[in-house]
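Hi everyone, thanks for coming. I'd like to walk you through one model today, so please have a look at it with me.

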Amino acid sequence: MSEPTAPREPTAPGGPAAPRATYTHGHHESVLRSHAWRTVENSAAYLVPHLRPGLSLLDVGCGPGTITVDLAERLAPGRVVGVDAAAGIVAQAAGLAAERRVENIEFVTADLYELPFDDDTVDVVHAHQVLQHVADPVGALREMRRVARPGGVVAVREVDYHGTIWAPESPGLDRWMDVYQQVHRGNGGEPDAGRRLKGWALEAGLEAVVSTASSWCFASDEERTWWGDSWAARATESAFHGDAIAKGVATDAELHAIADAWRAWRDAPDGWLLMPHGEIVARA
Ligand SMILES: C[S@@+](CC[C@H](N)C(=O)[O-])C[C@H]1O[C@@H](n2cnc3c(N)ncnc32)[C@H](O)[C@@H]1O
């Protein structure tokens, strides 16, 4: 992999006038609580057969870096770079790598439409839960393909929000889904990215696209407490709350009712929730 060049000012796909998306979740503590739980085992198992020590890897939209650091441990001494547009989260990810004493890793603040790497240089280019948040996912995949070496791997996993199912039935969670879809789309993203990923990869010109799926399932008391509390806080405290109100999608009272619905689901002994994810592994 080439050395990262100095980060450039982010520009929109197609030039500064083209539409950009807003990152729906923001980086509130309630959001990071859920992102920091992520590991290679629970979020990138589909990629494991393609990993071996010595390969270089770029993690696009790395967030707090828990998956990135896991990947670096598997690929050592291969070089791993995490890229994210949010400087604060990049610093947090670098802190995690230092804490875990992982040395074959670095983190760079950059925009995914202009990755600061030369063409054809990276063995594996990976993104997890990122393309759903960008206005031009096909452009993002083309940029990922640009930096991947010929024959290298481009691997992406994205949730499909509409595919989420739960028990027991809950009008409050039905309303959460409705509000979530509107806020995410209103920010220029695609909440049902999982089902579209294969099409986006083909449109981006990737080859040998293998498309699979996997899910997250939250059912035990511990899992429901963690997930339910996280979403209750997101509904009333994170960027999602202000966004939903500013867009006229929900009132403060409705968002508090959604938080109550999450707490009721958390406390229901039969509470269960499954989120499906689409995955692609393709060749550059
Ligand atoms: C849902 S988080 C996923 C983080 C991480 N991949 C994970 O799964 O834990 C999406 C991340 O993409 C980043 N992001 C969104 N738009 C971006 C862009 N245009 N360029 C780089 N990063 C971006 C956000 O800052 C955020 O950290």
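Let me start with a question: where is Pro168 found? Pro168 sits in the loop between strand E6 (165-167) and H6. When I say helix or strand, I mean DSSP runs, numbered from the N terminus, with helices (H or I) of at least four residues and strands (E) of at least two.

A word on what you're looking at: this is a predicted model, where local features need pLDDT of at least 70, side-chain atom pairs count only at pLDDT 80 or more, and totals for chains, interfaces and linings use all residues. Residues are numbered from 1 along each chain as its sequence is written, and side-chain values use heavy atoms, with hydrogens and water left out.

Back to that proline. The bond joining Ala167 and Pro168 is a cis peptide bond, with omega about -5°. There is also a cis bond from Ala76 to Pro77, with omega near 10°, and Pro77 is in the loop between H3 and E2. Most residues other than glycine have a negative phi, and most peptide bonds are trans.

On the phi side, Asp120 has a positive value, near 60°. Asp120 lies in the loop between strand E3 (105-109) and E4 and is partly exposed at 46% relative accessibility. For the cut-offs, buried is under 20% relative accessible area, exposed is over 50%, and partly exposed is in between (1.4 Å probe, protein chains only). Ala208, in strand E7 (residues 207-218), has a positive phi too, about 50°. With a relative accessible area of 57%, Ala208 is exposed.

Now let's go inside. The largest nonpolar core has 33 residues, and Leu58 and Leu141 have the most contacts inside it. A nonpolar core here is a set of buried Ala, Val, Leu, Ile, Met, Phe, Trp, Tyr and Cys residues joined through side-chain atoms within 4.5 Å. Helix H5 gives the largest share of this core, 5 residues. Leaving aside neighbours within four places in sequence, Leu141 is in contact (heavy atoms within 4.5 Å) with Leu131, Val154, Val156, Trp200, Ala201, Ala204 and Leu206. Another core, of 28 residues, lies apart from that one, and includes Tyr180, Val183, Ala235 and Val249.

Helix H3 (residues 66-75) is mostly covered, with 8 of its 10 residues buried. Among the buried ones are Ile67, Val69 and Leu71.

Finally, helix packing. How do H6 and H10 cross? The axes of helix H6 (residues 171-186) and helix H10 (residues 252-267) come within 8 Å and cross at roughly 125°. Those axes are lines fitted to C-alpha atoms, for helices over the stretch in contact, and angles run from 0 to 180 degrees between N-to-C directions. H6 and H10 are therefore oblique to each other; angles under 35 degrees count as roughly parallel, over 145 as roughly antiparallel, 65 to 115 as roughly perpendicular, and the rest as oblique. Their contact involves Gly172, Leu173, Arg175, Trp176 and Val179 of H6, and Glu254, Leu255, Ile258, Ala261, Trp262 and Trp265 of H10.

One last stop: Gly248 is in the loop between H9 and H10 and counts as exposed at 64% relative accessibility. Gly248 and Val179 are 69 residues apart in sequence, and 10.0 Å apart in space, C-alpha to C-alpha.
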